[in-house]
Amino acid sequence: MKSFFESHLWPLKNRLYRFALLWLKDRDKAQDAVQDTMYKGFMQQDYLATIENPTGWMVKTLKHEALQQIREAGRWGALEEIGDLPMEEVEAVDFSRKTQMVFKFIEKLPVRQKEIFFLREVEGLTHKEMATYLELNEGQVKVELHRARKKLKSFLENYGK
């Protein structure tokens, strides 16, 4: 029989890695943050088995790990400034020019909007799940998602001109 860690927490590692990469923009640092988060989840698995949303706990822990790494690297500033950090080039062999432009436009979004857009469009989370993970209310999530989509639409329309 599988432990709680193996059945509920270990399957989250790829999703957590994508979050960490979004926040840290560095593969090695993202892997370190996920490893630290998984270790903490392993150590707290008895507690996590008793709470309603262990996935939310893992995401919140990962976010704290990412913020700690940013602080330690001396790059700590306003949370909105995190989006201005250099990002590794997307490994795109066959991406069309339009797809590459969409990725560049997504990178220009404010951090909160980028996170929400990513959670909804890539991870497929519901508004309620996103609100839980980001510690916001559902109304704020809906507004930020709408703003992100509106900005992306504007970027794309202006790019074509």
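The model is predicted. The chain has 9 helices and 0 strands. Of its 161 residues, 37% are buried.

**Overall layout**
- From the N terminus on, the elements read α-α-α-α-α-α-α-α-α.
- Take the contacts between residues at least 6 apart in sequence: 66% of them join residues at least 24 apart.

**Helices α2 and α5**
- Helix α2 spans residues 13-24, and helix α5 spans residues 54-72.
- Their axes lie 10 Å apart, and the packing angle is about 30°.
- Angles under 35 degrees count as roughly parallel, and α2 and α5 are therefore roughly parallel to each other.
- The crossing of these two helices is right-handed.
- On the α2 side, the contact is made by L16, F19, A20, W23 and L24.
- On the α5 side, M58, V59, L62, K63, A66, Q69 and I70 take part.
- By class, this contact of α2 with α5 has 10 nonpolar residues, 1 polar and 1 charged.

**Helices α7 and α9**
- Helix α7 covers residues 111-122, and helix α9 covers residues 138-159.
- Their axes come within 9 Å and cross at roughly 95°.
- Angles of 65 to 115 degrees count as roughly perpendicular, so α7 is roughly perpendicular to α9.
- From α7, the contact residues are R112, Q113, I116, F117, R120 and E121.
- From α9, they are V141, E144, L145, R147, A148, R149, K151 and L152.
- The contact of α7 with α9 divides into 6 nonpolar, 1 polar and 7 charged residues.

**Helix α8 and its buried face**
- Helix α8 runs over residues 127-134.
- Its residues M130, A131, Y133 and L134 are buried.
- Seen down the axis of α8, the buried residues fall within an arc of 165°, so they line one face of the helix.
- What do the buried residues of α8 pack against? They pack against α2, α5, α7 and α9.
- After α8 comes E135, and the phi of E135 is positive, near 55°.

**To take away**
- Helices α2 and α5 are roughly parallel, whereas α7 is roughly perpendicular to α9.

Notes. Residues numbered from 1 in each chain as written. Predicted model: local features only at pLDDT ≥ 70, side-chain atom pairs only at ≥ 80, totals over all residues. Heavy atoms only, no water. Axes fitted to C-alpha atoms, helices over the stretch in contact; angles between N-to-C directions. Helix = DSSP H or I, 4+ residues; strand = E, 2+ residues; numbered from the N terminus. Parallel < 35°, antiparallel > 145°, perpendicular 65-115°, else oblique. Contact = heavy atoms within 4.5 Å. Nonpolar A, V, L, I, M, F, W, Y, C, P; charged D, E, K, R; others polar. Buried < 20%, exposed > 50% of the residue type's maximum accessible area, 1.4 Å probe, protein only. Arc of directions from axis to C-beta. Left-handed = near helix turned anticlockwise from the far one by under 90°.
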